[in-house]
Amino acid sequence: MRWNPGGAVATGKATHQYASDIGWAAKQVAQMYNLYSLVDSYKLVLEIPKYK
């Protein structure tokens with residue numbers, strides 16, 4: 001992942017993140033699954049933008 005450090009300084013949080021590896025999502029999904037399997041319960045909240 002790449003981060004915009006200038007944006008982080010300006011806003012106080014990480015901004016404009018992007019994956020520089022086209023296979024990044026496929027490579028990370030197994031690790032994410034393993035992490036979620038470690039917890040007994042969790043609430044998954046998805047933020048889906050609605051365009052006008």
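Reader: Where in α2 is the kink centred?

Author: This is a predicted model, and what follows should be read with that in mind. Helix α2 runs over 24-37, and a kink of about 25° is found within α2. The residue on which this kink is centred is Ala 30.

Reader: Is Met 32 buried, partly exposed or exposed?

Author: Met 32 has its place in helix α2, and it belongs to a nonpolar patch on the surface that also includes Leu 35, Tyr 36 and Ile 48. The patch has about 1000 Å² of accessible area together. Because its relative accessible area is 43%, which falls between the cut-offs of 20% and 50%, Met 32 is classed as partly exposed.

Reader: Which residues does Lys 13 touch, leaving aside those up to four places away in sequence?

Author: Lys 13 is found in the loop between α1 (5-11) and α2 (24-37). With a relative accessible area of 57%, Lys 13 counts as exposed. Once residues up to four places away in sequence are set aside, the residues that Lys 13 touches are Gly 7 and Ala 8.

Reader: What is the C-alpha to C-alpha distance between Pro 5 and Thr 15?

Author: Pro 5 lies in helix α1 and is exposed, with a relative accessible area of 59%. Pro 5 and Thr 15 are 10 residues apart in sequence, and their C-alpha to C-alpha distance in space is 7.8 Å.

Reader: What percentage of the protein's residues count as buried?

Author: The secondary structure comes to 2 helices and 0 strands, and the protein exposes about 5300 Å², of which carbon and sulfur atoms supply 59%. Of its 52 residues, the share that counts as buried is 4%.

Conventions
Residues are numbered from 1 along each chain as its sequence is written. This is a predicted model: local features need pLDDT of at least 70, side-chain atom pairs count only at pLDDT 80 or more; totals for chains, interfaces and linings use all residues. Side-chain values use heavy atoms; hydrogens and water are left out. Helices (H or I, at least four residues) and strands (E, at least two) are DSSP runs, numbered from the N terminus. Buried means under 20% relative accessible area, exposed over 50%, partly exposed in between (1.4 Å probe, protein chains only). Contact means heavy atoms within 4.5 Å. Accessible areas come from the Shrake-Rupley method with a 1.4 Å probe; for residues, only the protein chains shown count as cover. The bend at a residue is the angle between axes fitted to the seven residues ending there and the seven starting there. Patches are made of residues with over 30% relative accessible area and no salt bridge: like charges are joined within 9 Å, nonpolar side chains (Val, Leu, Ile, Met, Phe, Trp, Tyr) within 5 Å. A salt bridge is a side-chain nitrogen of Lys or Arg within 4 Å of a carboxyl oxygen of Asp or Glu.
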